[in-house]
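Hi everyone, thanks for making time.

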Amino acid sequence: MVEILGAHRKSTYANRLINQMKGKNMKKEFSNKTALPIAKVNYHFTNRCNYFCQHCFVDKTKPEIPLSQKFFVIDHIKEYFEELHCKGTINLVGGEPTLSPDFGPLLSHATKQGLNVGTVTNGSALTPEFFARYGSLLSEIGLSIDSLNPALNRLFGRCDIQGKVNTREHWYRVAEQIHLHGIRLKINICLAQMNCNDDFTNFLEKVKPDRLKVMVLSIVAGVNDKLADQKPTQEQVEAFVARHKAFNPVVENDGEMQNAYVMVNSRGMLCINDQGIEKELKNLVENRLVSEDLSLIDPHKYFKRYNKT
């Protein structure tokens with residue numbers, strides 16, 4: 001269900017921020033009023049992907065706007081960051097962003113606008129040539145790695161149409177390039193029954209991520225509910241986290257992305273998951289993003305999500 005919201009709202013994000021900052025932790029961490037918090041926007045500019053991950057929510061059949069209009073989206077986000085007097089971050093995500101012909105032009109355009117740019121990728125296109133071309137422009141790369149076992153990756157659908165998966169050696173080469181270029185490395189693991197007993201310890205010691213995120217499998221009716229029996233128990237989640245405690249894993253359970261994730265979809269629409277309902281708020285091809293558009297974002301949940309280390 002997608003709800004199109006009107007422009008008028010009774011409360012603004014700024015008012016909610018003030019109320020949240022009255023709490024002791026929020027006031028302490030964000031006492032600098034020029035450093036307002038919503039400084040990261042996730043632009044899902046493409047739905048196309050070469051993998052078939054069963055847990056993924058992306059609908060590959062949905063259309064995307066042309067490159068010329070994507071530039072407008074970035075420009076309108078940049079104007080919002082200027083309003084905050086901060087150098088914000090745009091995450092170019094998908095789909096698989098690195099396979100889109102628009103990835104390079106969008107990355108170049110955003111960095112020329114003075115923005116930090118990150119991406120989240122399945123890693124299949126991260127070759128030495130990729131880093132030679134884009135390594136100096138990216139501030140963060142998130143690698144989606146659900147298992148180091150090829151058979152499990154194929155069960156997940158984390159493979160191409162021929163069943164090709166990324167090897168452990170491939171990930172080592174990718175991590176080396178990321179560190180050589182001074183890019184922040186984040187690793188995302190989707191935790192399910194099938195991989196909850198995996199041990200990434202030796203691998204993580206070698207690739208040295210700056211951040212490890214464990215995203216507990218979330219089931220959405222009509223999208224990935226065939227995986228309902230793969231949802232891990234709380235005990236399995238706790239055991240996995242304990243196994244990797246040396247890497248300070250950040251755990252994301254059901255509901256923690258709700259009202260905490262600022263997203264622009266492939267049609268240029270600002271979207272927020274409001275208590276489980278995806279709401280399209282504004283067309284950013286034609287309109288600027290302003291603070292009032294983010295009134296549905298819960299500052300406490302946002303801070304918690306992005307400021308864990």
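One definition before we start: buried means under 20% relative accessible area, exposed means over 50%, and partly exposed is in between, using a 1.4 Å probe and protein chains only. Now, what we have here is a predicted model, where local features need pLDDT of at least 70, side-chain atom pairs count only at pLDDT 80 or more, and totals for chains, interfaces and linings use all residues. Residues are numbered from 1 along each chain as its sequence is written, and side-chain values use heavy atoms, with hydrogens and water left out.

Okay, the overview. The chain has 309 residues, and 50% of them are buried. Its secondary structure comes to 10 helices and 11 strands; these are DSSP runs numbered from the N terminus, with helices being H or I of at least four residues and strands being E of at least two. For contacts, I mean heavy atoms within 4.5 Å. Of the contacts between residues at least 6 apart in sequence, 73% join residues at least 24 apart.

Let's go inside. Ile77 is in helix 3, residues 67-84, and counts as buried because its relative accessibility is 0%. Which residues does Ile77 touch, not counting those up to four places away in sequence? They are Val41, Ile90, Val264 and Leu284. Leu115 is 38 residues from Ile77 along the chain, and their C-alpha atoms are separated by 9.8 Å.

Lys40 sits in strand 2, residues 40-44. Is Lys40 buried or exposed? It's a lysine that counts as buried, because its relative accessibility is 16%. Leaving out residues up to four places away in sequence, Lys40 touches Phe81, Thr89, Asn91, Glu140, Val262, Tyr302 and Tyr306.

Two of those names lead us to helix 10, residues 299-306, where the buried residues are Pro299, Tyr302, Phe303, Arg305 and Tyr306. Looking down the axis of helix 10, these buried residues fall within an arc of 165°, so they line one face of the helix. That arc is taken over the directions from the helix axis to the C-beta atoms. At the N-terminal end, Asp298 caps helix 10, with a side-chain oxygen 2.9 Å from the backbone nitrogen of His300. That's a polar contact, meaning a pair of N or O atoms within 3.5 Å; within protein, one must be able to donate a hydrogen and the other to accept it, and residues adjacent in sequence count only if both atoms are side-chain atoms.

On to the aromatics. Rings of Phe, Tyr and Trp (its six-membered ring) pair if their centres lie within 6.5 Å; planes under 30 degrees apart are stacked, over 60 edge-to-face, and the rest tilted. How many aromatic pairs does the structure hold? There are 8. In one of them, Tyr80 and Phe81 have ring centres 5.5 Å apart and planes at 50°, so that pair is tilted. Tyr80 and Phe81 are both buried. Phe130 and Phe131 have centres 5.4 Å apart and planes at 85°, so this pair is edge-to-face.

Now the cysteines. A disulfide is a pair of cysteine sulfur atoms within 2.5 Å, and by that rule the count is 0. For Cys56, the nearest cysteine sulfur is that of Cys53, 6.3 Å away. Cys56 is partly exposed because its relative accessibility is 35%, while Cys271 is buried, at 2%.

Last stop, the loops and some backbone details. A cis peptide bond joins Gly94 and Gly95, with omega about 15°. Gly95 lies in the loop between strand 3 (89-93) and helix 4 (103-112). Lys208 isn't a glycine, but it has a positive phi of about 50°. You'll find Lys208 in the loop between helix 8 (201-207) and strand 7 (211-216), and it is exposed, at 54% relative accessibility. Asn248 also isn't a glycine and has a positive phi of about 50°. Asn248 is in the loop between helix 9 (234-243) and strand 8 (250-252), and is partly exposed at 48%.
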